[in-house]
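Please look over the fold below. The report that follows takes the sheets, the helices and the charged pairs in turn.

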Amino acid sequence: MAYTVKKVDVWSAEIEDRAGGLAAKLGPLADAGADLAFVIARRQPHLPGRGVVFLGPLSGAKQQKAAESVGLSKANDLFALQVEGTNKPGSGYEITRKLADAGINIRGVSAGATGTKFVLFVAFDRAEDADEAARLLRK
């Protein structure tokens, strides 16, 4: 099955593990008009009181400036794809198996589905792996 595949820039920052910690990062982005495709946030158990957020994409200088004003920076060691398709049982397996068979290591995955569609974000350590994954998944 062919998928719609787009490269997405990932921005990240440390957040305070408290009520409002994530909202403090997202507020200025909303004010700047950011239409985020994904936000992944979690605690960092090894760093009490701290969390981490990954989000994206951002477009334009206004959004990037807003991100930088709250400590977000564009990840230069994380390369991601947004993969969309028709939701059916086994879609996630099909994608991860195709990448595994090609010898491409996955750094992280986040996915969701609504109605008849799914969206999956897959991250890689190397830009070359993201490029090869995009090529394979577009076939």
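## Terms and model

A salt bridge here is a side-chain nitrogen of Lys or Arg within 4 Å of a carboxyl oxygen of Asp or Glu. By that cut-off, arginine 126 forms a salt bridge with glutamate 128, because their closest N and O atoms are 3.8 Å apart. The model is predicted.

Isoleucine 15 has glycine 51 in β4 as its bridge partner.

## Two faces of helix α1

Which residues of α1 are buried? They are Gly21, Lys25 and Leu29. Seen down the axis of α1, these buried residues fall within an arc of 60 degrees, so they line one face of the helix. An α-helix has 3.6 residues a turn, so residues three or four places apart point the same way.

What covers the buried residues of α1? The cover includes β2, β4 and α2. On the other side of α1, Ala23, Ala30 and Asp31 are exposed.

## Backbone details

Just after α1, glycine 33 takes a positive phi of about 85 degrees. A cis peptide bond joins glycine 56 and proline 57. Its omega is about -10 degrees. Proline 57 is found in the loop between β4 (50-56) and α2 (60-69).

## The sheet β1-β6-β8-β7

Another open sheet of four strands runs in the order β1-β6-β8-β7. Its pairing is antiparallel. The edge strands are β1 and β7 (108-114), and each pairs on one side only. From one strand to the next, the twist averages 15 degrees.

How many bridges join β1 (residues 4-8) to β6 (residues 79-86)? There are five, and the two strands run antiparallel. Threonine 4 stands opposite glutamate 84 in β6. β6 also pairs with β8 (residues 117-124), in the antiparallel sense, over eight bridges. Here valine 83 has leucine 120 of β8 as its bridge partner. β7 and β8 pair antiparallel over seven bridges. The bridge partner of threonine 114 in β8 is lysine 117.

## Helices on this sheet

Helix α3 (residues 91-101) packs on the sheet and touches β6 and β8. Its direction makes about 30 degrees with that of β8. Helix α4 (residues 127-138) also packs on the sheet. Its contacts are with β1, β6 and β8. The direction of α4 makes about 15 degrees with that of β6.

## Salt bridges

The structure holds 11 salt bridges. One of them joins aspartate 125 to arginine 107, with the closest N and O atoms 3.2 Å apart. The pair links distant parts of the chain, 18 residues apart. Aspartate 125 lies in the loop between β8 and α4. Arginine 107 lies in the loop between α3 and β7.

Arginine 126 counts as partly exposed at 43% relative accessibility, and glutamate 128 is partly exposed at 48%.

Glutamate 132 forms a salt bridge with arginine 135. Their closest N and O atoms are 2.5 Å apart. Both residues lie in helix α4, three residues apart, about one turn of the helix. Glutamate 132 counts as partly exposed at 28% relative accessibility, and arginine 135 does so at 39%. Elsewhere, salt bridges that share partners join Arg126, Glu128 and Asp129 into one network.

Key:
Residues are numbered from 1 along each chain as its sequence is written. This is a predicted model: local features need pLDDT of at least 70, side-chain atom pairs count only at pLDDT 80 or more; totals for chains, interfaces and linings use all residues. Side-chain values use heavy atoms; hydrogens and water are left out. Two strands pair if DSSP finds at least two bridges between them. Buried means under 20% relative accessible area, exposed over 50%, partly exposed in between (1.4 Å probe, protein chains only). The arc is that of the directions from the helix axis to the C-beta atoms. Contact means heavy atoms within 4.5 Å. Axes are lines fitted to C-alpha atoms, for helices over the stretch in contact, and angles run from 0 to 180 degrees between N-to-C directions.
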